[in-house]
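Hi there,

Here is the structure I promised to pass on. My notes on what turned up in it follow below.

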Amino acid sequence: MALDKNIAVLIGGVGGAKLASGLVEAAAPERLSFIVNTGDDFWRLGLKICPDLDTLMYTLAGLVNLECGWGVADDSTVTLDSLARHYQIQPWFRLGDKDLATHLLRTHWLRQGRSLTEVTTCLAERLGLRATLLPMCDDEVPTIVDTLDRGELGFQEYFVKYAWAPVIRAIRHLNCEKARLSEQVRKALLEADIVLIAPSNPWLSLAPILAIPGLRELLERLAAPVVAVTPIIAGEAVKGPTAKIMRELGLDVSAREVARYYGGIIDGFVDDLRNEPFETEGLRIVQLDTLMIDQADKVALARALLEWTGSWTR
Ligand code: FO1
C-alpha cells in the first residue's frame, strides 16, 4: 500500500472519478489531492454549477448516482419539473433536488466573498471527505467549444443540450491567460511524490487544467514523476466523446496519440492491455487492465499503477 506517498491527481469528472474511488482505497486518502477541471462550470438560474468537482465529491462521499456517474443517488426533480411546468424553463440540464442543495450553498458562500477553493473545502469536509478536492483555479475559465454545425457553444450546451453531437473545430478556454494558479494547487504539486493524470478526456477535461498559466512549467520541473492513464481502450473511449473528438481533430484514435498529447509533461504512461503496444523514447510505459467496471477493478488499477511507479524518481 502506498500509504507513505503524497499523490496529486489532475482529473475531470465521470471517467476520472472511477480511478479516484480506487485511489482512496489503495492509498492514504489524507495524502491525496485531486486538482479538478472547472472548465465545465457554468451559471444556471443564478446558481454556480461545478459538475466535475461535484462528481468527484459525490463519488468519494458515496452519494453519487452510479447509473449516470454524476448527480446524487435517489434524487428527485420536483423543482426542475415545476420550473418547466409553471415557468417554461427548458429542463435540458437535469438538476436534482438534493443536488440543488449543493449549488445553493456553494453560490451563497461564493457571494459572501469566499473563493471556490475555500467553498469546495467546506462542502467536502461537511460530506466527510478525507481526500482534498481542489478546483484547478479560483478564476472562471469556461471552456468554449467551436463547432461546425452550431458555432461557438458553452461547454454544457455542447455536452448536454446537444449531446456532444456537433462536430468540433476548436476548443478554447476563455480568460485562461488571466487565471492564476492557487497556492493550494501549487503546494499539492510541489509536495507530491507522484502526479497522476486520470483517464479523463484529454481535450475537454485535462486541457483546461494544463492551460492555467504556469502549470505546465511547474509539472516540467517537479522532482516527482508524472504518469498518465489512457482513456482509450481498443480504439474507443469507455464513455463520452474522447474518440469522437480525436477523429474530428484529425487525430488517430489511439493511446499513442494521447501519450503524444501529454509529451513533455509525462514520464510514464499506463496503457491498456487490449491496445497495440507502442514505444516512445524517454517514456516508461506499462500495459495494465484499465477497464474499470466495478470497485474491485478500480482498486486493482490504482494499486497496480502505484506499485509500478513505487520506486521511481525522475
Ligand atoms: N450530464 C448530462 O448528460 N445531462 C444532464 O442533465 C446533467 C446534469 C448535471 C447536473 C449536475 C452535475 O454536477 C452534472 C450534470 N451532468 C449532466 C454531468 C456533466 O454535465 C458532465 O458529465 C460533465 O460536465 C463532463 O465531465
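Let me start with the ligand. Aspartate 52 places a side-chain N or O atom 2.9 Å from a ligand oxygen, which counts as a polar contact (a pair of N or O atoms within 3.5 Å). Arginine 94 uses a backbone N or O atom instead, 2.8 Å from an oxygen atom of the ligand. For tryptophan 70, a polar side-chain atom lies 3.4 Å from a ligand nitrogen. On its own the ligand exposes 530 Å², and the protein buries 88% of that (Shrake-Rupley areas, 1.4 Å probe).

Before going on, please keep in mind that this is a predicted model, with local features needing pLDDT of at least 70, side-chain atom pairs counting only at pLDDT 80 or more, and totals for chains, interfaces and linings using all residues. Numbering runs from 1 along each chain as its sequence is written, and side-chain values use heavy atoms, without hydrogens or water.

There are 13 residues around the ligand, each with a heavy atom within 4 Å of it; Asp40, Asp52, Phe93, Arg94 and Gln156 come nearest. H6 gives the largest share of this shell, four residues (helices are DSSP runs of H or I, at least four residues, numbered from the N terminus).

Now to leucine 306, which sits in helix H12 (residues 295-309). Leucine 306 is buried, at 7% relative accessible area (buried means under 20%, 1.4 Å probe, protein chains only). Beyond four places in sequence, its contacts include Leu23 and Ala26 (heavy atoms within 4.5 Å). Leucine 23 is 283 residues away in sequence, yet the C-alpha atoms are 9.0 Å apart.

Best wishes

Note on methods: Helices (H or I, at least four residues) and strands (E, at least two) are DSSP runs, numbered from the N terminus. Buried means under 20% relative accessible area, exposed over 50%, partly exposed in between (1.4 Å probe, protein chains only). A polar contact is a pair of N or O atoms within 3.5 Å; within protein, one must be able to donate a hydrogen and the other to accept it, and residues adjacent in sequence count only if both atoms are side-chain atoms.
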